[in-house]
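Look at the fold first, then read on.

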Amino acid sequence: MNSAVIDTGALIAWERATRTMVALVAEARAIGATLTVPAGCVAQAWRNPRRQARLAALLRRPEIDIVPLDASDARLVGVLLASTQTTDTVDAHVAICALRLGQPVLTS
């Protein structure tokens, strides 16, 4: 793995300490890879900060790049949703980020 985009499912898997996500994050850190997290995924996973110390710590790591949904991406997301006849803005932003960066998506 060079770098990857991680979605909400991957964030939840990290929070639950699943072996696969723990190993993937450790590998990313060991090789200096960046893990891109669309901001909407953070919003979907962030529910109770008092109980999410593990997730909070992950999001502070230097290898994590949280990408905002800016005006340009918002337009691309809208076009993608229209062309696929779907409605999940966050999933579409994950796809846009992965396409732009040429990276795979890590998901649960």
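Two strands count as paired if DSSP finds at least two bridges between them. Helices (H or I, at least four residues) and strands (E, at least two) are DSSP runs, numbered from the N terminus. This is a predicted model, where local features need pLDDT of at least 70, side-chain atom pairs count only at pLDDT 80 or more, and totals for chains, interfaces and linings use all residues. Residues are numbered from 1 along each chain as its sequence is written, and side-chain values use heavy atoms, with hydrogens and water left out.

**The sheet**

Four strands form an open sheet in the order S3-S2-S1-S4, with parallel pairing. Strands S3 (64-67) and S4 (105-106) are at the edges, each with a single partner strand, so one side of each has no neighbour in the sheet. Strand S2 (residues 35-38) runs parallel to S3, and four bridges join them. Leucine 35 has isoleucine 64 in S3 as its bridge partner.

**Helix pairs**

Axes are lines fitted to C-alpha atoms, for helices over the stretch in contact, and angles run from 0 to 180 degrees between N-to-C directions.

| Pair | Angle | Axes |
|---|---|---|
| H1 (residues 8-15) and H2 (residues 19-31) | about 100 degrees | 8 Å apart |
| H5 (residues 71-84) and H6 (residues 89-101) | roughly 110 degrees | come within 9 Å |

H5 is therefore roughly perpendicular to H6. That class covers 65 to 115 degrees; angles under 35 count as roughly parallel, over 145 as roughly antiparallel, and the rest as oblique.

Contact means heavy atoms within 4.5 Å. On the H5 side, Asp73, Leu76, Val77, Leu80 and Leu81 take part. H6 brings Thr89, Ala92, His93, Ala95, Ile96 and Arg100. By class, this contact of H5 with H6 has seven nonpolar, two polar and two charged residues. Here Ala, Val, Leu, Ile, Met, Phe, Trp, Tyr, Cys and Pro count as nonpolar, Asp, Glu, Lys and Arg as charged, and the others, Gly among them, as polar.

In the H1 and H2 pair, Ala10, Ala13 and Trp14 of H1 meet Met21, Val22 and Val25 of H2. The contact of H1 with H2 has six nonpolar, no polar and no charged residues.

**Helix H4**

Which residues of H4 are buried? In H4 (residues 53-60) they are Leu55, Ala56, Leu58 and Leu59. Buried means under 20% relative accessible area, exposed over 50%, and partly exposed in between (1.4 Å probe, protein chains only). Seen down the axis of H4, the buried residues fall within an arc of 160 degrees, so they line one face of the helix. The arc is that of the directions from the helix axis to the C-beta atoms. Ala53 and Arg60 are exposed on the other side of H4. The cover over the buried residues of H4 includes H1, H2, helix H3 (39-45) and S3.
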